[in-house]
Amino acid sequence: MAWFKKARKPLPSPQKVSRVPEGLWEKCPGCEAILYTKDLVANHQVCDKCGHHFRLGAVERLSLLFDGGTWHELAPALRSNDPLRFTDTKPYAERLRKTIASTGRNDAVIVGSGRIGGRDAVVASMDYSFIGGSMGVVVGEKITRGIEHAIAHRAGVVIVSCSGGARMMEGALSLMQMAKISAALARLDRERLPYISLLTDPTTGGVTASYAMLGDLNIAEPGALIGFAGPRVIEQTIRQKLPEGFQRAEFLLERGMLDLVVDRREQQAVIARALRFLHT
Amino acid sequence: MAELLEFEAPIDILLKEIEALSMLPSTDDRNREISRLEARIDAIRGDLYRSLTAWQRVQVARHPARPTTLDYVERLFTDFVELHGDRRFADDNAIVAGMADYKGTGVLVVGHQKGSDTKQKIFRNFGYARPEGYRKALRLMQLAEKFRRPVICFVDTPAAYPGIESEERGVAEAIALNLREMAVLDVPIIIVVHGEGGSGGALGIAVGDRVLMHEFAMYSVIPPEGCAAILWRDAKKKVEAAEALKITAPDLLGLGIIDEIVAEPVGGAHTDPAQAAALLDVALDRALRQVQEMDSDARLEARYGKFRAIGLIGIEGADE
Ligand SMILES: [Zn+2]
């Protein structure tokens, strides 16, 4: 559960056109180089010195994947109504209100339909800046609608995961979204329509244990943390430190859990190539 | 007498009085007094269990003497033959599966298995399943599908095992594949959440046509202690977290996550496992009959629709 740690970069802009964030420069955690923010934006948040992948917002992600950077958003207005009336140290309803105001988004996923390499595709992209990209009822409903839209229009599906897992403040309703989305993916599978899962940093918990691992192709970004249990939970269970690189994309590739690890700057081309193979 | 939980302290005092009286020579007066105390215990237990808090239910669901999956198998099924292994890596002892007869019908039984004594608990890894357990479950469910046998899943796990080998061998992928394939498995599937429904580790064998849940079982996205540690930054707030998470059978029935509550003996299933099994028998038989009457297309459509609808209760905002 890493999502309540401070985000590494400023909140993404709610508009479709990327705004240059406040700071003029950022330090790369990979190589410690000082990077100009506008260069980083132009480079899709990848360090041009060492290739470190900074987190990318959902809008920027969709712009990068869809042909011409354009798409039609599905079900943008859906919002959580706080079904459990959940309160921890503060009311969830208040947390939702503030997050909606600060991000300009209604929840942690944007679903768009458009084209990739000339083929119809639906892309769902999770946004970590919205309560850690956590999956609650709105994420479940929007992704399910996206998959059903793809089935109705014979389109392929891409889901970009970036999430700490299920949203605790929606309790077992969040847990059940794993089953709901997976059921929709079963129908997509039986329709022989392609599903590409793109796993980005971080992809953990119930998101990994459902749609993120169900791709016809599972593709990850370099260095992404991918796992079911969070590293701290595992360390507490086994009472020892985890080895370097454990649960990183390259580790999963070696263990046979991923088809590919692909640099963000090549992802659009690779996904278009894959859809050409899969979308018959 | 099963071990008492902390909130059952009022019962404990009376039990000690009875014990003291029983040591003395028996007289009519003393016997009357013992009967009076026993009636008092039943009344107090009835009161306590009629109004259990969420956290108290968690304690009952985790009670060391709570009937396990194999306890129910022994009481409700005949000719059970356990089958082993995922044909990939290993056999996982935290998930059991096998052929059984239920009222004359061949069924596949799958379930998490917690141990009942220390040795068994260790052998069963306390009900924490590894990837092999989920893969064994799917392998055998697909066998049941091939030979047209209904599937009955018993859910009772704290969580999927959070360890290095679980991650290395892809526990997330194993659970995910079960969710997808159980959604379209073409035989009746009945789920019985009889103990701890611990997040993804529970759900990995809990997609089906009917979800039954025991009166004092729990089903949660995260253990209350874990939720408290993250959201309250204080694991001691587990009581508040248990309440907030809405993990009890009545809460989940209201949210449309389960279909039916299976009554337990007053004082919980562990106080009378035979009666607990008899109560489950009635609910299980009815659920299985209802689902078996449906034709395959209608049943799969209803299963999809059931999970498709979960969560709509929590959504607002204009449709396009
Ligand atoms: Zn760098």
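To begin with, what percentage of the contacts in chain A with a separation of 6 or more comes from residues 24 or more positions apart?

A: Happy to! Since this is a predicted model, local features need pLDDT of at least 70 and side-chain atom pairs count only at pLDDT 80 or more, while totals for chains, interfaces and linings use all residues. Residues are numbered from 1 along each chain as its sequence is written, with chains lettered from A and ligands numbered from 1 in the order in which they are written.

The percentage you asked for is 68%; a contact here means two residues whose C-beta atoms, placed from the backbone, lie within 7 Å. Chain A has 280 residues, and 52% of them count as buried (20 or more other C-beta atoms within 10 Å of a residue's own).

Chain A contains eight helices and 10 strands, which are DSSP runs numbered from the N terminus (helices are H or I with at least four residues, strands E with at least two). Its radius of gyration is 18 Å, close to the 19 Å given by the globule rule for 280 residues, so chain A is as compact as a globular protein of that length. That radius is taken over C-alpha atoms, and the rule is 2.2 Å times the number of residues to the power 0.38. The C-alpha trace spans about 45 × 45 × 40 Å along its principal axes.

Now find strand β5(A), residues 109-116. Strand β3(A), residues 72-74, is joined to β5(A) by three bridges and runs antiparallel, with A:His72 opposite A:Ser113. Strand β6(A), residues 119-126, also pairs with β5(A) in the antiparallel sense, over eight bridges (pairing takes at least two DSSP bridges). One bridge links A:Val111 with A:Ala124 in β6(A). Two residues lie between β5(A) and β6(A) in this hairpin, and A:Gly117 in the turn has a positive phi of about 55°.

Next, look at helices α4(A), residues 137-152, and α5(A), residues 171-190: their axes come within 9 Å and cross at roughly 5°. Axes are lines fitted to C-alpha atoms over the stretch in contact, with angles from 0 to 180 degrees between N-to-C directions. That crossing makes α4(A) roughly parallel to α5(A), a label for angles under 35 degrees. Among the residues making the contact are A:Ile143 and A:Ile147 of α4(A), and A:Ile181 and A:Leu185 of α5(A). By class, this contact has 11 nonpolar, four polar and three charged residues. Ala, Val, Leu, Ile, Met, Phe, Trp, Tyr, Cys and Pro count as nonpolar, Asp, Glu, Lys and Arg as charged, and the others, Gly among them, as polar.

Technical notes: Angles under 35 degrees count as roughly parallel, over 145 as roughly antiparallel, 65 to 115 as roughly perpendicular and the rest as oblique. A residue is buried if 20 or more other C-beta atoms lie within 10 Å of its own, exposed if 12 or fewer, and partly exposed in between; C-beta atoms are placed from the backbone.
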